[in-house]
Amino acid sequence: FTGDFHAITSANNLLAALLDNHIYWGNALGIDPRRVAWRRVLDMNDRALRSVVSSLGGVANGFPREDGFDITVASEVMAIFCLAHNLDDLKKRLGNIVVGYTRDRKPVRAGELKAHGAMTVLLKEALAPNLVQTLEGTPAFIHGGPFANIAHGCNSVLATTTALKLTDYVVTEAGFGADLGGEKFMDIKCRKAGITPDCAVLVATIRALKMHGGVKKEDLKQENLKALEAGMSNLQRHVENIQKLGIVPVVSINRFSADSEAEINLVKEKCKALGVEALMADHWAMGGEGAADVARAVVK
């Protein structure tokens with residue numbers, strides 16, 4: 001691995017250090033310490049660090065202020081990293097980061113701190129996608145991963161565009177559901193990368209649909225066609241949203257051991273009425289062979 005998460009953490013925190021150092025050495029840009037918008041990051045869930053007071057310990061340590069840590073994937077550097085086309089584009093985007101505001105509430109950017117060049121150097125090697133393989137030997141790129149609830153929830157543009165040059169079919173995930181990561185994939189990543197998907201695989205489970213229909217978690221293993229039918233309205237909306245984007249969806253029903261044949265058939269019938277094909281996927285138990293029907297539907 002090229003160490004993309006570590007490099008993003010380092011670049012983010014370099015900017016934080018340069019920001020505090022600028023304030024310490026005279027604050028020529030007039031940054032208001034009360035309006036610093038840039039937080040440090042750590043690739044660890046540690047709620048004790050979400051809100052801290054920094055620069056304690058005397059004059060030599062700077063001006064005390066409220067600060068905090070986010071998780072690395074929540075960093076704006078992560079989102080920028082995954083949208084950049086090349087090093088020059090990366091440097092330009094990093095320079096546009098707003099790190100804080102003056103007392104007149106004018107934004108101050110990373111480029112004004114002359115931080116974007118050094119940040120780009122830290123990210124230089126990490127910008128190359130990580131080529132790995134699945135347990136069955138299928139090549140895969142693992143590169144970046146911004147949150148979908150605060151960013152765009154997709155891997156890097158470079159990973160996807162590189163993959164498109166190397167094979168006939170490329171499958172990429174848009175996280176946090178079709179109504180969040182899926183739409184951001186279309187609205188943000190596809191526009192920035194200049195790509196258009198030929199198909200969308202909409203993943204659903206009978207358990208989740210029954211829960212949408214009002215079934216409690218402890219009762220999900222029991223067959224409940226009435227609740228399943230009620231919960232289908234959720235899947236229907238996801239299908240409609242994808243269709244509005246001009247993309248043909250294929251519904252992949254991830255099998256659980258408690259799924260009954262009657263429940264499976266109900267989902268398939270309802271999807272057929274929506275004009276989409278629904279197929280069972282049993283890759284959790286059978287590996288790639290268990291998802292072969294879904295793959296064939298996508299190719300078709």
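Which residues does H152 touch, not counting residues up to four places away in sequence?

Analyst: This is a predicted model, in which local features need pLDDT of at least 70 and side-chain atom pairs count only at pLDDT 80 or more, while totals for chains, interfaces and linings use all residues. Residues are numbered from 1 along each chain as its sequence is written, and side-chain values use heavy atoms, with hydrogens and water left out.

With contact taken as heavy atoms within 4.5 Å, H152 touches A79, C82, L83, P146, F147, G181, K184, F185 and I188, leaving aside residues up to four places away in sequence. H152 itself sits in the loop that runs between β9 (139-142) and α5 (157-164), where helices (H or I, at least four residues) and strands (E, at least two) are DSSP runs numbered from the N terminus. H152 counts as buried because its relative accessibility is 3%; buried means under 20% relative accessible area, exposed over 50%, and partly exposed in between, with a 1.4 Å probe and protein chains only.

One of these contacts, C82, is also buried, because its relative accessibility is 0%. The structure holds 0 disulfides, a disulfide being a pair of cysteine sulfur atoms within 2.5 Å. C82 is accordingly in no disulfide, and the nearest cysteine sulfur, that of C154, is 8.6 Å away. C271 is likewise in no disulfide, with the nearest cysteine sulfur, belonging to C199, 13 Å away. C271 counts as buried because its relative accessibility is 0%.

The buried residues of α1 are D4, A7, I8, T9, A11, N12, L15, A16, L19, D20, H22 and I23. An α-helix has 3.6 residues a turn, so residues three or four places apart point the same way. Just after α1, G26 takes a positive phi of about 110°.
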